[in-house]
Amino acid sequence: MSIVKLSGLQALISEISQTHNLPKTSVEEALREALFKGYERFRRSKLGEKAHSMLPPEYFDNFRVELDLEEEGFRVLALKMVTDSVEDPDHQIALAEVQEFNEEVQLGNEVLVDVTPEQKDFGRMAAMQTKQVLQQKLKEQQRAIIQAEFTELEGTVLSAKVLRFEGQSVIMTVQSAYGRPEVEAELPRGEQLSSDNYRANATFKVYLKRVKEGVHRGAQLIVSRADAGLVVYLFANEVPEIEEGIIRIVAISREANPSKPDITARTKIAVDTLERDVDPVGACIGARGSRIQAVVNELKGEKIDVIRWSPDPATYIANALSPAKIDIVELIDPDEKQSLVVVPDNHFSLAIGKDGQNVRLAARLTGWKIDIKKKSDYLNEEAE
């Protein structure tokens, strides 16, 4: 069989594999596809402009390229139908021609034919096409590997390092748990924390929010510093009882980027346990606040309220409004989840929170609409 020589083929594959962080098998597959496109361009040029424009998309489906690593080159093979007379030489071959090599072949059989072009015929344009397609295929292979690996890691937290800035987005590099080379991830403006300092080479914990599918420009991975999942991970990392299943995080509400600059980012997290001897809130806070402080430090000073979950909605609502003192919780409409909370007059502002942040987070945490009244107003209304 003839062959088109590609001197240094094995070294080339090894070099591309290392440069693009791809397995050699992926590089070989990309090279095969690229050479196929190059051959297709070569063959179309031989058919002429008129025939070229009339070819159906599946015209070259019976062709394939084989790499020969030992001989350092490639061959082109075509599956052709054995016929009496040949009208389509790309898909048919004469019986008499085949019987020179195989007397048992009959009309209607399909045979694999070596159609490798001469070294000198596989011209410059075909070689350029091969190079262009190879670059495209290598990118596709890289994206496919990232897609397969990181899709399994969606919803987990990774270590990331600031690489550069594109518009309002921060481009970071992340490394998966499987130890593959670093890949780029995008931290969009809406997923950043205003308290973070995204200087070059700074490292952060980021939540892998999404892996983009399909072919597109830019980073495939979308990461977040503002997602509530990051807080859940940080607590699980600091509190062994959560990892061991002794304590469970029931709900979380987070306002990582308040609408006004004078309002601090804040999170409320509800925890529970089935163990009577365990204080879930105390365990999450830690001795002298050591555990919660580690989380706060990672989030650059974000306020965090750890509250005890309760199956009783009134108790849960009262806990969720911490640190305000609560006098009365009335479940006005359980079906619509509407409640009225009465607080001491001097705790009204605390219960509402700056710009309504405290009550807003409590409502999200519990799933109840919360109307707060001062105790004096409530008693006056009752007296009337």
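This is a predicted model: local features need pLDDT of at least 70, side-chain atom pairs count only at pLDDT 80 or more; totals for chains, interfaces and linings use all residues.
Residues are numbered from 1 along each chain as its sequence is written. Local features need pLDDT of at least 70, side-chain atom pairs count only at pLDDT 80 or more, totals for chains, interfaces and linings use all residues, and side-chain values use heavy atoms, without hydrogens or water.

An automatic or database domain assignment divides the protein into domain 1 (4-140), domain 2 (154-224), domain 3 (227-309) and domain 4 (322-383). The centres of domain 1 and domain 3, taken over C-alpha atoms, are separated by 60 Å.

Helix 6 (residues 228-238) packs with helix 9 (residues 290-298) at an angle of about 140°, their axes lying 9 Å apart. Helices here are DSSP runs of H or I with at least four residues, strands are E runs of at least two, and both are numbered from the N terminus; axes are lines fitted to C-alpha atoms, for helices over the stretch in contact, with angles from 0 to 180 degrees between N-to-C directions. In contact (heavy atoms within 4.5 Å) are L234, F235 and E238 of helix 6 with R291, I292, A294, V295 and E298 of helix 9.

Turning to the backbone, the peptide bond from S322 to P323 is cis, with omega near 15°, and P323 sits in the loop between helix 10 (313-320) and strand 14 (328-333). K337, in the loop between strand 14 and strand 15 (338-343), has a positive phi near 55°.
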